[in-house]
Amino acid sequence: MQPSLIRRQLGGLVPPKIATPSLLSSGTGGGLGPLVNFYSKLPKGPAATSASGGIKARFFNGKNASAAPLLFTILGIFGLGYTIDYQMHLKHHKNHAH
């Protein structure tokens, strides 16, 4: 096998600085020592859960669950719509009275 073919096949599996073509294509198992050493130092078991989880995890799940973001979004949309409507109404009264 060509070294470039091995590198392409193992590109996602083996870090590039450890998987050199000379180590992989030499045919002896002794050259894989750095690779085995690297993978033996990696943490084992399931990945730790991250502290952040987005807006849903922060406000709607868990002990501090609250609907405050939903309420503020509704009030913000209402306030923006009311402001636009009021400005349009003022433009209507600029040249014409009721």
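The chain has 5 helices and 0 strands, with helices taken as DSSP runs of H or I of at least four residues, strands as E runs of at least two, and both numbered from the N terminus. Read along the sequence, that gives α-α-α-α-α. This is a predicted model, in which local features need pLDDT of at least 70 and side-chain atom pairs count only at pLDDT 80 or more, while totals for chains, interfaces and linings use all residues. Residues are numbered from 1 along each chain as its sequence is written, and side-chain values use heavy atoms, with hydrogens and water left out.

Buried stands for under 20% relative accessible area, exposed for over 50%, and partly exposed for what lies in between (1.4 Å probe, protein chains only). The chain exposes about 8,500 Å², and carbon and sulfur atoms supply 65% of that; the areas come from the Shrake-Rupley method with a 1.4 Å probe, and for residues only the protein chains shown count as cover.

On to the rings, where the structure holds 3 aromatic pairs. Rings of Phe, Tyr and Trp (its six-membered ring) pair if their centres lie within 6.5 Å, and planes under 30 degrees apart are called stacked, over 60 edge-to-face, and the rest tilted. Phe38 and Tyr39 make an edge-to-face pair, because their planes sit at 80°, with the ring centres 5.2 Å apart. Phe38 is partly exposed at 30% relative accessible area, and Tyr39 is partly exposed too, at 31%. Tyr82 and Tyr86, by contrast, are stacked, at 6.5 Å centre to centre and 15° between the planes. Both of these tyrosines lie in helix 5 (residues 68–93), 4 residues apart, or about one turn of the helix. Tyr82 is exposed, with 52% relative accessibility, whereas Tyr86 counts as partly exposed at 44%. Ring pairs also bring in Phe78, linking it with Tyr82 and Tyr86 into a cluster.

Then there is a nonpolar patch on the surface, made up of Ile55, Phe59, Phe60, Leu70 and Ile74, with about 470 Å² of accessible area together. Patch residues have over 30% relative accessible area and no salt bridge; like charges are joined within 9 Å, and nonpolar side chains (Val, Leu, Ile, Met, Phe, Trp, Tyr) within 5 Å. A salt bridge, in turn, is a side-chain nitrogen of Lys or Arg within 4 Å of a carboxyl oxygen of Asp or Glu. Helix 4 (54–60) and helix 5 each supply at least two residues of the patch, and helix 4 has the largest share, with 3 residues.
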